[in-house]
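I opened this notebook to keep track of what I looked up. The entries follow my own order.

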2 protein chains.
Amino acid sequence: MKIKTLTIVGVGLIGGSIGLAASRRGVAERVLGTSRYQASLDRARSLGIIDGGYLEVVPAVHQADVAVFCTPVDRIPAQILEAAPGCSPGTLLTDAGSTKAAIVHAVESRMPAGVAFVGSHPLAGSEKRSLEFADADLFKDRLTVVTQTAHTEPASLERTIDFWQALGSRVRVMHPEDHDKAVALTSHLPHLLASALAGILPGSLRDLTATGFRDTTRVAAGDPSIWTGVFLQNKTAVLHALDLYGESLDRFRHALENEDAAGLDQLLSYAKKVRDALGS
Amino acid sequence: MKIKTLTIVGVGLIGGSIGLAASRRGVAERVLGTSRYQASLDRARSLGIIDGGYLEVVPAVHQADVAVFCTPVDRIPAQILEAAPGCSPGTLLTDAGSTKAAIVHAVESRMPAGVAFVGSHPLAGSEKRSLEFADADLFKDRLTVVTQTAHTEPASLERTIDFWQALGSRVRVMHPEDHDKAVALTSHLPHLLASALAGILPGSLRDLTATGFRDTTRVAAGDPSIWTGVFLQNKTAVLHALDLYGESLDRFRHALENEDAAGLDQLLSYAKKVRDALGS
């Protein structure tokens, strides 16, 4: 895959890592970036992430052969719909948002002729959102979900798959709703649980936390302005995952209330087996 | 602090790290270790953790000036009560268990004359339990709780504090019940939450987990045979912590059900503030 101009809308951790990976792997000849802050654009330039920076989304996207929207999920649809009309025929638009159904359905049937949108979600990143943590290998051997619906043109789907693979990622094609249900459990629920736990730590016990508390709550350090949008866009699936989780918690509670050592051991052993299978 | 013979009952991650730290820092002239498995003793010897190994607890403890019980919490009281009668006058017994009230109250009033027991809990370690991860710096700058009750002799308390400080640890003195309430929230609850989450991951979604799921469930890889005992010994405080957590989860749920963006943002922002204050 060879892209003449790649535009990254929102140069934070994910956008910055896309820029670095695209340059280092020779995927893009030129990388443009957008941010609301000139300082971020200057920093992205000095880190070698972008060749040119724009405070406005539209002019940067209009120069692109491929544009990736890496902004918070509640801003992505409007930005795509605003930028698409002036794009050259053949332009591919995609995104890196943690929800897919709301974005894909708001956007895909409203693309002008010759401009394609295919949704993406690289399962990479961390609670650290800053450009300073941008990493050319962030996607290496990680999974990116690329969405397919009845509206998705096969050629654009292939191009999107090629793009993420060129950045080092593995790719799985999923329907947006299937993606959202899956990540409600694997990503959005853990964030909610971690935040709910961090929220009950009294200051007086801070000194009594060790690696267990710190690991379990690590994602709670994520940016609230990003996560509020994610939770709201994926409300139904997250609430369903929370119900499932409540049932699981109840099983532990009942075993403990009944001092059921064998039952507790069984629940803990199953959880350990699942966790061990994930690796570190 | 200079100990002639330090005996470590149970040479796993914690016991092994105590042995390494005591040798490297010149705290003990000789370190004895016990394990139910000859292979563990051989390995501990070859790693330089112990100078002599015993399959039986009693003869190893009878040679000790200081003995630290690093076995699962449900085995510690019986082991101490069995070993204490033949100890030399002046022997200090302590432990490294994650619960304190059940152990301290079962043991402290039944010590023979001249033998002291003071409870300890180093807040260190990880889901990795094996001797292979033993680390001379495991306790460095970490906190160890040392317990004090009406039965605790001041001189033995001081000696216990000195011991952990000599291994590099900071020390906080707490009443056993206060300790148990605190760690119910900061350690036992996170373990339960992580296990309850790991327990609902279908195999088909394993590939869709990223750092968020992995961090949040990491402690669920801990040894069930250790944790079942911890939960049962600290049942009341863990159930209370679980109630508090349920209320916290409900606040997130209600904000999400009501699509209360400001409320969600507020909950997430508070959790982030708490988590940020803990550092990495």
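I count a contact, or a touch, when heavy atoms lie within 4.5 Å. The model is predicted, so I note its limits: local features need pLDDT of at least 70, side-chain atom pairs count only at pLDDT 80 or more, and totals for chains, interfaces and linings use all residues. Side-chain values use heavy atoms, without hydrogens and water, residues are numbered from 1 along each chain as its sequence is written, and chains are lettered from A and ligands numbered from 1 in the order in which they are written.

**Entry: B:Ser120**

I started with B:Ser120, which sits in strand S7 (residues 120–122) of chain B. Strands here are DSSP runs of E, at least two residues; helices are runs of H or I, at least four; both are numbered from the N terminus. Is B:Ser120 buried or exposed? Buried means under 20% relative accessible area and exposed over 50%, with partly exposed in between (1.4 Å probe, protein chains only). B:Ser120 has 0% relative accessibility, so it counts as buried.

I then listed its neighbours, leaving out residues up to four places away in sequence.

**Entry: helix H11 of chain A**

Next I looked at H11 (residues 261–278) of chain A, which has 18 residues. Among its buried residues are A:Leu264, A:Leu268, A:Ala271 and A:Leu278. Seen down the axis of H11(A), the buried residues fall within an arc of 125 degrees (directions from the helix axis to the C-beta atoms), so they line one face. On the other side, A:Ala262, A:Gln266 and A:Lys273 are exposed.

What do the buried residues of H11(A) pack against? I found H10 (235–257) of chain A, together with H7 (176–198), H8 (211–217) and H9 (224–233) of chain B. Just after H11(A), A:Gly279 takes a positive phi of about 75 degrees.

**Entry: the two chains**

I compared the chains last. A rotation of 180 degrees with 0.0 Å of shift along its axis superposes chain A on chain B, with RMSD 0.0 Å. In chain A, A:Thr216 comes closest to the axis, at 2.0 Å (C-alpha).

Conventions:
Copies are superposed by least squares on the C-alpha atoms of residues with pLDDT of at least 70 in both. The expected span of a helix is 1.5 Å times one less than its number of residues.
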